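Please examine the sequence and the model before turning to the points below.

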Amino acid sequence: MARFCLKDSDKYYLCLSDQPKRFDADSPVTNVFFDDTNGEVFTVRSGGVTGVTVNGMDDSKSTSFRMEDKGPIISIKFSPDHNILAIQRNLEGQNATVEFVNFKDLAPTNVEYSHTCKWKNAKILGFVWPKANEIAFITDHGVELLQVLPEKKQLKTLKNISFSGAWFSWCAQSNIILLAGNNGALLQPFSLSNSTISKLQKLEVEWSRPVVERDVFVLRLCGGAWCALFRHADSTTPAPAAGPTEVWLIPISGGGATQHVLKTGLVGRFAVSVIDQLLVIHHQSSQTSQIFDIMEESKPENNIVIHIPIVQGISMKPAVVDDQPCPMYSGNWVVFQPDYVIDARLGCLWRVNLVLSGLAHSVPKDEVSKIVATLLKRQNGKETIYRILNQLVSEAGTYLVQLTKAFDEINSVYRKWAELEVARNTAGQAAPARALHFPVLVSQADVCAHVLQAHADDGHLVQVVTTYLASLSRHDMVVQHPVAELCVRTLVTRGAGGRLRSLVRRGCLGDARPLACQLLSLGHIDPAAAQIALDMMWRLKAYGEIVEVLLSWNEPISAVGAAKQTGATWLNMPPRKLLSAAKHYAEEKNEPTAFMAVYHALVARNERLRGNPNFIKGEQCAVYVEYYRQLTSEI
C-alpha cells in the first residue's frame, strides 16, 4: 500500500528527555529510591550518614542533607510541599512504623517523630502522600489515613478501612490506591480525597489465573482513573497456540462503563507510560513502543472496545549519556507513572516525550486522516496538522481523497466544539457538566492563513478549495468571509465559474454582502460572477445597491426596472441621478428613447406622489427637462 511520509519529520515518535537528571548510581554503598508522587530520585549513601541527595526535573526542589543510619530503608518520600520527610525502614521484630523529619526551605530542622500502624502485627506495604499534610499507610490489614501535625510532632487518624491485601498500586494523579486481595484474584480500589477513604467498586478478574503485581498499573487517562492489566497467554497452552499479550483497561472512576482492550501482538515483558492522553506500551525484548488512543472513534460491543496501535510500533529515539550511546530498553530500566524512566545503574532519570511529527513520518496513505484525528487530541498538535495539510495540498493530485478526509476530521471537531459553546452560552452556568475536551481547534481562519493562502499558484487549488467548502457544508458550518473570499477569487481567476455557480446554488457559499461585492469586483474577468452578485444582493434585499450597480454599468432602464420592483427604493430614488445616467446612455448609444422612457417613468411617479407631473426646484432637474423638450422637438 502506498504510504504518506511527512517531509522533514523525525522517524521516531518517542524520545527520552534531552538532558537526563543525573544522580549517583546504585552501588553497594548507595541505594536509589523513586518517589512517583513528586517525581524525585533519592540517593541514600551509607544509610544516610554520608548524605542523602534528592533530584527531580524541577531543580528548585533538589536538595541534599545527612541523617542518622537507623537501619535499612525501604521507602523514603517528601510530602508534596517538601516540608515533611517520611521514611520506612526494614526493622525485624518491630511493629510497622514510619519515621518523620520536619523540613524548612529544603533543609531538615532536626525535629523527628514516628508513628506506628494501628493494626498489631501488620506489615506496611508502603505509604503515599495524597495531600501536603496527609499520609496513608497501606498495610496487609488495610489502609490508614492520617493527618500529620508537624508542629506537634504527632499524627491524627482521619480514617481507616480494613482489607486483607498482598500488594498495592498507587496513582498519584488520581489519588487512588488499588489493593490486591485473594491472591490477586480481587482488586479493590480506594479513593483518598476530602480527608477520607472511599471504597470504590471492586474489580474481579475472571481469568484462569490471578494477576501479579508487575502486570497491574493504575493510571490517569482521558479524565478518568483506570486499571491497566496485562493479560498474557496461559502458560499451560502449547506455544504455537498461545496468543499475544493484551492490555485490558478497566475504568475505576470517571472513565464510564466501557472497557478497552489493547492488542499488542507481542509476548514478553512490558511497561506503561501515559503521554498527552496516549497510552504507550513499551516492550523490552523487541525494543519497541506502541501507542494507543482510547479516544479514537469506535463502537463498543458488550461494553468492550478493541484497539490496535495508531502507528506501527518502533523503538524510541536512541539517547546519549556522557557522549556514549545509551542502552535502550535496558533490563535496568524501571518505568513509573505517568512518563518517568529510571536507569539506576547509569544514574539517569528521564521523561518520555512524544514527537508529534514522527506519527506522520511513514503511514499508509489511507490512514493520514486517522493521524490528523489523533493530532487534534494532542496539546501541541496544531503545527504538525498544518504541515500535513500543506503537503497534502501541494500533492493534491495524489492525495485529494486523503485531504478531504483530513478536512472532515478537522471540521467535525470544530463543529462539536461550536455546538458545545452554543449550549454553554444558552444554559449559562447550567452548562453540560461533562464538557468535551478540545486541545486543538483548527478554524476556517487558520486553514486560510496557514494552508490555503500559501498555495495560490498550485495547479490543483480549485479542487482543494472546493473540497474544503464541501467539507464545511457537510458539517453545516457557515463559510466565513476569509474562506469565501479566497474561494471566489480562486474559482473566478482560474476560469471555474461553473463550479462557483454550483457552490452558490447548493448553498455551500451563503449569501453575504462582502461576498457579493467581491463577485462584482471580479465581473470584468467573468461576467457571470457579476450576475451571481446581483442575484445574491436581491436575496439579501440590497435593492439600493442593485440600482447603484446597474447605474454604474450604464444600464439606466434596468436600474429603473429594478427600483420599481422594490417600492420604497423607487419612491426614494433621486430623479437627477436617474436622468443623468439616462442622458449619458442616450448620447453614448444614440438611443434617445431610453432617456424618454426614464423621464416618463419619473413624471408618472411625480403625478402619483404629488398630483403634479413637474419636478420641484430642489431636485435640480431643469437641465433634463430642457433636454427632454429638445428631444421631443426633434422627433
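The structure is a predicted model. Its protein chain is divided into domain 1 (3-359), domain 2 (369-477) and domain 3 (541-635). Particular attention is given here to the interface of domain 1 and domain 2 and to Pro244, a residue in a loop between two strands.

**Interface of domain 1 and domain 2**

- The C-alpha centres of domain 1 and domain 2 are 37 Å apart.
- Contact between these domains involves 22 residues of domain 1 and 18 residues of domain 2.
- About 1600 Å² of area is buried between domain 1 and domain 2, and carbon and sulfur atoms account for 56% of this area.

**Polar and charged pairs across the interface**

- Three salt bridges are found between domain 1 and domain 2.
- Arg378 and Asp293 form a salt bridge in which the closest N and O atoms are 3.7 Å apart.
- Six residue pairs are in polar contact between domain 1 and domain 2.
- The side of domain 1 that touches domain 2 comprises eleven nonpolar, four polar and seven charged residues.

- Pro244 is located in the loop that lies between strand S22 (224-231) and strand S23 (246-253).
- Because its relative accessible area is 44%, Pro244 is classed as partly exposed.
- Beyond residues up to four places away in sequence, Pro244 touches Arg231, Gly265, Leu266 and Val267.
- Thr264 is 20 residues from Pro244 in sequence, and the C-alpha to C-alpha distance between them is 6.9 Å.

Technical notes: Residues are numbered from 1 along each chain as its sequence is written. This is a predicted model: local features need pLDDT of at least 70, side-chain atom pairs count only at pLDDT 80 or more; totals for chains, interfaces and linings use all residues. Side-chain values use heavy atoms; hydrogens and water are left out. Domain bounds come from an automatic or database domain assignment. Contact means heavy atoms within 4.5 Å. Buried area is the accessible area (1.4 Å probe) that two parts lose on being put together, summed over both. A salt bridge is a side-chain nitrogen of Lys or Arg within 4 Å of a carboxyl oxygen of Asp or Glu. A polar contact is a pair of N or O atoms within 3.5 Å; within protein, one must be able to donate a hydrogen and the other to accept it, and residues adjacent in sequence count only if both atoms are side-chain atoms. Ala, Val, Leu, Ile, Met, Phe, Trp, Tyr, Cys and Pro count as nonpolar, Asp, Glu, Lys and Arg as charged, and the others, Gly among them, as polar. Helices (H or I, at least four residues) and strands (E, at least two) are DSSP runs, numbered from the N terminus. Buried means under 20% relative accessible area, exposed over 50%, partly exposed in between (1.4 Å probe, protein chains only).
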